[in-house]
Amino acid sequence: MLIADTHSDTLYALGVHHADFDALCITPQRLRDGGVTLQTFALWSGPRGNQGDYRGIAAAELAQVATLRERGLRQVDDPADAREGENCFMLSLEGCEVFEDGVSAVSDWREKGIRMAALVWNNPNAIGFPAKGGSREGLTPYGLQVVREMQRLHMAVDTSHLNEAGFYDLYNKTDVPPMASHSCCRALCDHFRNLTDDQLRRMIRDGGYVGVNFYPHFLSPDGQADCEVIARHIDHICQLGGEKIVGFGSDFDGIECTPSDLNHPGEMPNLLNALRRRGYSEDAIADIAGRNLLAYFARI
């Protein structure tokens with residue numbers, strides 16, 4: 001079974017905090033133990049967004065890609081290039097501050113291997129506004145230029161962290177469905193970072209993708225979660241009709257706590273078993289685990 005995870009913050013820990021790779025949630029051995037075929041590693045702009053050294057942070061994170069390769073992980077440019085039984089990775093951006101230098105920066109970063117990009121983190125930037133803060137402003141005119149260039153280059157536009165106005169701008173003013181690399185369901189946990197049922201229905205209708213986040217505070221109002229709770233969020237999306245657009249977006253190495261029985265990718269089989277207990281067939285689980293992500297990238 002091909003298992004894919006669409007978000008982690010491992011490169012920030014390695015490149016900025018100089019963490020010991022083997023002390024992190026995600027390690028090559030744990031990817032192997034959990035059967036994770038494709039791990040996405042994000043380049044995060046940092047806690048201050050465009051008020052900080054986002055260029056230096058991105059450069060430090062990008063430099064750590066060599067470490068990933070040295071530790072036996074193979075970089076791919078498309079999920080379809082990953083093969084079951086291997087341990088591969090793709091690159092993403094979390095916060096597109098590096099695109100503020102001009103629309104041509106999109107192609108520059110695409111050439112560096114970036115295949116998906118979250119437009120904002122928790123800070124507003126020249127592109128748009130985050131869900132945190134409650135802004136009702138949509139994407140900026142410059143942001144729409146950036147998005148259209150991303151779409152032209154077949155780079156996935158990631159709505160995780162984006163506010164609702166910006167989310168709907170993507171549907172009303174552009175023509176390629178976005179993804180949410182690490183988001184949960186607001187109907188089950190009323191957090192500003194989670195997607196409403198209306199947003200989920202729009203993604204289902206237009207062929208988007210949602211990687212369900214493993215952060216307990218996005219999964220449960222009391223901040224307590226296990227694989228059964230993650231499976232409940234996946235099932236909620238499936239009950240809305242999203243069985244072909246849902247998958248995993250762990251946020252490992254970017255969250256300060258983890259589900260009680262899913263502390264790292266080596267424990268990914270626990271989540272697959274939780275889906276089995278809910279009655280999901282092996283074929284349906286294979287879709288959720290990875291095939292839905294392959295299909296999404298084929299669509300864009």
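Trainee: Helices (H or I, at least four residues) and strands (E, at least two) are DSSP runs, numbered from the N terminus. Which loop holds His154?

Mentor: His154 sits in the loop between α6 (141-152) and β6 (156-158). This is a predicted model: local features need pLDDT of at least 70, side-chain atom pairs count only at pLDDT 80 or more, and totals for chains, interfaces and linings use all residues. Residues are numbered from 1 along each chain as its sequence is written, and side-chain values use heavy atoms, with hydrogens and water left out.

Trainee: What is the phi of His154?

Mentor: Positive, about 60°, although His154 is not a glycine. Most residues other than glycine have a negative phi.

Trainee: Why does His154 count as partly exposed?

Mentor: Because its relative accessibility is 44%. Buried is under 20% relative accessible area, exposed is over 50%, and partly exposed lies in between (1.4 Å probe, protein chains only).

Trainee: And His18, where is that?

Mentor: In the loop between α1 (10-15) and α2 (28-34). His18 also has a positive phi, near 55°. His18 counts as exposed because its relative accessibility is 65%.

Trainee: Switching to α5. Which of its residues are buried?

Mentor: In α5 (residues 104-111), they are Ala105, Val106, Trp109 and Arg110. They span an arc of only 145° around the axis, so they are on the same side of α5. The arc is taken from the directions from the helix axis to the C-beta atoms.

Trainee: What covers them?

Mentor: The cover includes β2 (36-44), α3 (54-63), β4 (88-94), β5 (114-118) and α6, where contact means heavy atoms within 4.5 Å.

Trainee: What phi does Gly113 take?

Mentor: Positive, about 110°, just after α5.
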